[in-house]
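Please keep the sequence and the model in view while reading.

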Amino acid sequence: MSGSNAELTVVMVHGAWADGSSWTQVIRLVQAHDIRCLAAPIPLTSLSDDVRALDRTLERTNGPVMLAAHAYAGAVIGSTRSDRVRGLVFVSALAPDEGETVADVFYREPPHPQAPQLAPDSQGYIWMPESGFPSAFAQHASKADNALFAAVQRPINVACIQEKAPRPLWKSVPAWYLLAEQDRMISPKTQEFMATRMKAEIRRMDVDHTPIATAPEKVTDVLLAAAARLSGQDQRGPISS
């Protein structure tokens with residue numbers, strides 16, 4: 001992709017129980033369109049720590065940035081204060097408003113019957129039970145892929161979901177939301193509520209909680225559409241509310 005879009009950097013942020021490699025397939029597809037990509041590593045130790053880690057990655061970029069988040073990371077991209085961020089893409093992601101916590105939105109609806117039981121360990125970290133990957137985290141993934149997810153998972157500290165969010169960036173810049181209709185981790189009703197509240201352009205898709213791994217082409221389509229809009233190559237005008 002040429003022109004102003006070539007100047008846009010897409011920074012992707014992973015959620016809980018994953019790392020930057022969870023975006024691998026999407027990165028390859030987006031890079032095939034000559035768009036710069038970075039995966040921001042976050043420590044999953046507190047919301048503030050994770051925002052600082054994202055900001056360190058943003059310091060490695062120049063020019064306009066589009067942020068993309070999966071799951072918990074929606075709270076992280078909504079909390080940065082970088083003035084180079086032009087748009088936000090939420091992939092089955094959590095988006096607390098000012099004064100809310102991640103837990104407030106995560107537990108807004110009753111859990112799916114096949115959602116795993118989650119509780120912190122003695123150090124305050126929450127691990128995904130191995131059975132939770134095929135039952136809810138990525139039920140559309142292969143057995144081998146779910147075994148890999150379980151083997152490389154990174155836990156999230158309970159502090160991440162208890163810290164109140166600042167005024168979110170989605171109140172100031174355009175947002176897109178991929179609503180995962182087969183999500184068993186974050187209720188689709190909750191996703192609808194958050195996406196509507198932020199006046200995002202909603203893309204409803206028949207995917208599980210982790211489409212960045214199980215449906216990367218669909219995620220890429222959303223990212224490319226958002227990038228084209230932000231670059232001015234899409235002439236349809238402002239996003240609808």
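The questions below concern cysteines and salt bridges in this predicted model.

Q: How many disulfides does the structure hold?
A: A disulfide would need a pair of cysteine sulfur atoms within 2.5 Å. The count of such pairs in this structure is zero.

Q: Is Cys 37 buried or exposed?
A: A residue counts as buried when its relative accessible area is under 20%. Cys 37 has a relative accessible area of 13%, so Cys 37 is buried.

Q: What is the relative accessible area of Cys 160?
A: Cys 160 belongs to the buried class, which is set at under 20%. The relative accessible area of Cys 160 is 0%.

Q: Which residue meets Arg 197 in a salt bridge, and how far apart in sequence are the parts that the pair ties together?
A: The side chain of Arg 197 meets that of Glu 100, with an N to O distance of 3.0 Å. Arg 197 lies in helix α8, whereas Glu 100 lies in the loop between β4 and α4. The pair therefore ties together parts whose separation in sequence is 97 residues.

Q: Are Arg 197 and Glu 100 buried, partly exposed or exposed?
A: The middle class runs between the 20% and 50% cut-offs. Arg 197 has a relative accessible area of 23%, and Glu 100 has one of 22%. Both residues are therefore partly exposed.

Q: What is the N to O distance in the salt bridge of Arg 108 and Glu 109?
A: Arg 108 is partly exposed at 40% relative accessible area, and Glu 109 is partly exposed at 24%. Their side chains meet in a salt bridge with an N to O distance of 3.9 Å.

Q: Where do Glu 192 and its salt-bridge partner Arg 204 lie?
A: The closest N and O atoms of Glu 192 and Arg 204 are 2.5 Å apart. The pair ties together parts that are 12 residues apart in sequence, because Glu 192 lies in helix α8 and Arg 204 in strand β8.

Key:
Residues are numbered from 1 along each chain as its sequence is written. This is a predicted model: local features need pLDDT of at least 70, side-chain atom pairs count only at pLDDT 80 or more; totals for chains, interfaces and linings use all residues. Side-chain values use heavy atoms; hydrogens and water are left out. Buried means under 20% relative accessible area, exposed over 50%, partly exposed in between (1.4 Å probe, protein chains only). A salt bridge is a side-chain nitrogen of Lys or Arg within 4 Å of a carboxyl oxygen of Asp or Glu. Helices (H or I, at least four residues) and strands (E, at least two) are DSSP runs, numbered from the N terminus.
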